[in-house]
Amino acid sequence: MKFLKAPHVREIANRFGTPVYVYSERELTLAAKALLAFPAAFGLTVRYAMKACPERAILQLLTRLGLHIDASSGYEVHRALAAGIEPDKIQLTCQQLPDDIFDLAMKGVRFNACSLHQLKTYGQQLEPKKNQLPPRCTNISIRVNPGLGSGGTGKTNTGGPSSSFG
């Protein structure tokens, strides 16, 4: 990653004010292409976790390059949709289901269930309309917690029996 030299930083600050965030389209493109080139014998969908930076231009650039979006809340799904991201390129992986999960699924947003409770709740919402559902609503994924965790300390452990993350 390259850093801007001091004169460029001052020029940007003078032009746009501070604080200001500057991203390199070139670096983002190179990173996306490297991820998309990753060998995957059984297929791979590369997703950008938009919670890292939900900026519209970045979401649009990365999806244009072929990445899909991983949203961690209903709000993020709506933000991605407002940025013009196709619903079938958005996957919702969240701790709490949004109230409009069924409507989002009907639009084509993919659902990644994080618990048995989420699966049950989602199924209950689909049950009354089961004969009218497009396949995209019933084609969901699940997040699995393998019972093992990793991280430098217990505070950064992102898996295992006491973690909600897989």
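Here are some questions and answers about this predicted model.

User: Happy to start with the overall layout: how many helices and strands does the protein chain have, and in which order do the elements run?

Analyst: The secondary structure of the protein chain comes to seven helices and five strands. Read from the N terminus, the order of the elements is α-α-β-α-β-α-β-α-β-α-α-β.

User: What share of the residues in the protein chain is buried, and what share of the contacts with a separation of 6 or more is between residues 24 or more positions apart?

Analyst: The protein chain has 166 residues, and buried residues make up 30% of them. Among contacts with a separation of 6 or more, residues 24 or more positions apart account for 34%.

User: Nice. What is the handedness of that crossing, which residues make the contact, and how do they divide by type?

Analyst: The crossing of H2 and H3 is right-handed. H2 brings Glu25, Leu28, Thr29, Ala32 and Leu36 to the contact, while H3 brings Ile58, Leu61, Leu62 and Leu65. By type, the residues of this contact are seven nonpolar, one polar and one charged.

User: Threonine 29 is in helix H2. Is threonine 29 buried or exposed, and which residues does it touch?

Analyst: The relative accessibility of threonine 29 is 16%, and the cut-off for buried is under 20%, so threonine 29 counts as buried. Its C-alpha atom is separated by 10.0 Å from that of arginine 64, 35 residues apart along the chain. Leaving out residues up to four places away in sequence, threonine 29 touches Leu61 and Leu65.

User: Which residues form a salt bridge, and how far apart are the closest N and O atoms?

Analyst: Side chains of opposite charge can pair when their charged atoms come close. The count here comes to one salt bridge. Arginine 26 is exposed at a relative accessible area of 51%, whereas glutamate 27 is partly exposed at 25%. The salt bridge joins arginine 26 and glutamate 27, with the closest N and O atoms 2.9 Å apart.

User: Which residues does a cis peptide bond join, and what is omega there?

Analyst: Most peptide bonds are trans. Proline 19 lies in the loop between helix H1 (6-16) and H2. The cis peptide bond joins threonine 18 and proline 19, with omega about 0 degrees.

User: Leucine 67 is in the loop between H3 and strand S2 (68-71). Is leucine 67 buried or exposed, and what does it touch?

Analyst: Leucine 67 has 4% relative accessibility and counts as buried. The C-alpha atoms of leucine 67 and lysine 89, 22 residues apart along the chain, are separated by 8.0 Å. Not counting residues up to four places away in sequence, leucine 67 touches Ala32, Leu36, Val46, Tyr48 and Leu62.

Methods:
Residues numbered from 1 in each chain as written. Predicted model: local features only at pLDDT ≥ 70, side-chain atom pairs only at ≥ 80, totals over all residues. Heavy atoms only, no water. Left-handed = near helix turned anticlockwise from the far one by under 90°. Helix = DSSP H or I, 4+ residues; strand = E, 2+ residues; numbered from the N terminus. Contact = heavy atoms within 4.5 Å. Nonpolar A, V, L, I, M, F, W, Y, C, P; charged D, E, K, R; others polar. Salt bridge = Lys/Arg side-chain N within 4 Å of Asp/Glu carboxyl O. Buried < 20%, exposed > 50% of the residue type's maximum accessible area, 1.4 Å probe, protein only.
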